[in-house]
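Here is a structure to walk through step by step. Keep the sequence and the 3D view side by side as you read.

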Amino acid sequence: MSVIVKAITRIIISMVLVFGIYIVAHGHVSPGGGFAGGVIIALSFVLLMLAFGKGVATSKVTRNIAANLEGVGALMFLMIALLGFLGGAFFMNILAKGTPFKLFSAGTIPLYNYVLGLKVGVGLFAIYLAFVILENTRKNK
Amino acid sequence: MELHILLIFMIFAAIIAIEIKDLFSSVIAVGAVGFALSLAFLILKSPDLAITQLVVELLCLIILIRATIRKDLPLVIEGRWVFNTVSTLVFVAVFLFFCFTALKDLPAFGDPIMNVVKKYLEQGQAKTGAVNIVTAIILDFRAYDALGEAAVLFTAVIGIMAVLRSFAKEGGSEEDGAK
């Protein structure tokens, strides 16, 4: 990519990533949540890859790490749901509710959001990586 | 009780779908499993999932029927016209009867039943502690839906990985391009 794209990406990329994490973390207070924030996190890595090429992004997150983290996210979602059995039922909100409008409130709902954000972000990035690898394979043929 | 009957029915239908020789009958048996699953969702108090399951099941059934049958369905017209007419009329009558009984219980237009939603709106904040009522609903009251969506995404990623991996292997030049 050109110098302009690289320079702008270098400035903007951390903001995109932090904004995605913000959306995930504030899912129970403001609009957003795990699904939307996860997509933004994935987009920051996709932007990194578009600007600087395949090597830079995959040196941070390889395809194996992405695929494994995806599975870990799904399993952790189920584990938190299973923890509800301590309170009596599947998906029971067992943690303390806390004060409203605070970042650490609402019991297990933020935990679900974090796990979903991890899962969605890593999963979408893995899909993008798979397509890029396919494209490279086609070109080499 | 109804749930157990439905589950047993689903198990039997699934076994029939696997064991039967005729492909078309097998597809119909799979459809029976899907419709029973949507009824089970309805009994478990998740109408959203029941509607989704019903619609997806209809689409899947039509696609599967089109995929398994090369030619159009045979229509028996000659001969048994008395039997055909009578059975058609009986089915229409049964259908209209069920429609009538179902439509009688519907609320008046513009005056929906707000039993569930009213409870969510009034007690959602106190029960979950989440200020964002949408998040409170999708991750607490209806967390099964979120689990289903996560499972759908997980399955999609696995499917894409599996398909593209076989493509990449056919290319053969780059086994693991991520490194």
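When two helices pack, an angle over 145 degrees between their N-to-C directions counts as roughly antiparallel. Keep that cut-off in mind. The model is predicted.

Start in chain A. Helix α4 of chain A covers residues 63-83, and helix α5 of chain A covers residues 109-140. The two pack at an angle of about 155 degrees. That angle is over the cut-off of 145, so α4(A) and α5(A) are roughly antiparallel to each other. Their axes lie 8 Å apart. The crossing of α4(A) past α5(A) is left-handed.

Which residues make this contact? From α4(A) come, among them, A66(A), L69(A), G73(A), F77(A) and I80(A). From α5(A) come residues including L111(A), V115(A), L118(A), V122(A) and L129(A). Sorted by class, the contact has 16 nonpolar, two polar and three charged residues.

Now turn to the place where the chains meet. Chain A gives 42 residues to the contact, and chain B gives 28. On the chain B side, α5 (115-128), α6 (133-141) and α7 (143-171) each supply at least two residues. The largest share comes from α7(B), with 13 residues. By class, this side of chain B has 17 nonpolar, eight polar and three charged residues.

How confident is the predictor? It gives the complex an ipTM of 0.76 and a pTM of 0.67. Chain B averages a pLDDT of 80, and 87% of its residues score at least 70. Over residues 172-179 of chain B, the pLDDT is below 50. In the model, that stretch has 17 contacts beyond near neighbours in sequence.

Technical notes
Residues are numbered from 1 along each chain as its sequence is written. Chains are lettered from A and ligands numbered from 1 in the order in which they are written. This is a predicted model: local features need pLDDT of at least 70, side-chain atom pairs count only at pLDDT 80 or more; totals for chains, interfaces and linings use all residues. pLDDT is the predictor's confidence in each residue, from 0 to 100. Two residues are in contact if their C-beta atoms, placed from the backbone, lie within 7 Å. Axes are lines fitted to C-alpha atoms, for helices over the stretch in contact, and angles run from 0 to 180 degrees between N-to-C directions. Helices (H or I, at least four residues) and strands (E, at least two) are DSSP runs, numbered from the N terminus. Angles under 35 degrees count as roughly parallel, over 145 as roughly antiparallel, 65 to 115 as roughly perpendicular and the rest as oblique. A crossing is left-handed if the near helix is turned anticlockwise from the far one by less than a right angle, and right-handed if clockwise. Ala, Val, Leu, Ile, Met, Phe, Trp, Tyr, Cys and Pro count as nonpolar, Asp, Glu, Lys and Arg as charged, and the others, Gly among them, as polar.
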